[in-house]
Amino acid sequence: MRKEDNMAENESLLYQRWETTVGEGNFEQANKYYMMMVGDQLAIPKAHYLMGLWYRQNGQYDGALSAFQLSIEQGYENLAESYFELAGVFQEINEQENAEYFYKKSLDLQPDFIDAIFCLGQLLSDQGKNDESLQCFYQVLQLGCHEVAT
């Protein structure tokens, strides 16, 4: 077996183990496999995105920021979603300018992303930018959304 084939097989096995532990809800073990994949510099944008969600849910904001940024750098299939989640982390750690920037970046890629429009509207309202905030909320209404994730 060629060295490249063996490396690809090991990468695939590592990813499969990570995916299995994620499915089992075993954060500790999934994190170990994830850190091994990061250390090996594997191109795993989906894994970065999912670990970002997990880190964020568990209040591990530095890990979430890093994971979402890696998902973006490696071209995750839904970049708008990665930017949206990155914005949410920045909002949770009170870095409002970064949050605003990444909500807008998400909307540059997907202008009708209702959750991003709504969250940007909330953020702008919190910053006292009422006219901009109202524009976001009007846009949500125009798009016909009645349920928005908050």
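Visitor: Are Tyr-49 and Tyr-76 buried or exposed?
Guide: Buried means under 20% relative accessible area, exposed over 50%, and partly exposed in between (1.4 Å probe, protein chains only). Tyr-49 is buried, and so is Tyr-76. This is a predicted model: local features need pLDDT of at least 70, side-chain atom pairs count only at pLDDT 80 or more, and totals for chains, interfaces and linings use all residues. Residues are numbered from 1 along each chain as its sequence is written, and side-chain values use heavy atoms, with hydrogens and water left out.

Visitor: How many aromatic pairs does the structure hold?
Guide: Rings of Phe, Tyr and Trp (its six-membered ring) pair if their centres lie within 6.5 Å; planes under 30 degrees apart count as stacked, over 60 as edge-to-face and the rest as tilted. The structure holds 12 aromatic pairs. Among them, Tyr-49 and Tyr-76 are stacked, 4.6 Å centre to centre with 10 degrees between the planes.

Visitor: What kind of pair do Tyr-101 and Phe-102 form?
Guide: An edge-to-face one, with 4.9 Å between centres and 85 degrees between the planes. Tyr-101 is partly exposed, because its relative accessibility is 47%. Phe-102 has 14%, so Phe-102 counts as buried.

Visitor: Which residues form one aromatic cluster?
Guide: Phe-27, Tyr-34, Trp-54 and Tyr-55.

Visitor: Which residues does Glu-100 touch?
Guide: Contact means heavy atoms within 4.5 Å. Leaving out residues up to four places away in sequence, Glu-100 touches Leu-120, Leu-123, Leu-124, Gln-127 and Lys-129. Glu-100 counts as buried because its relative accessible area is 10%.
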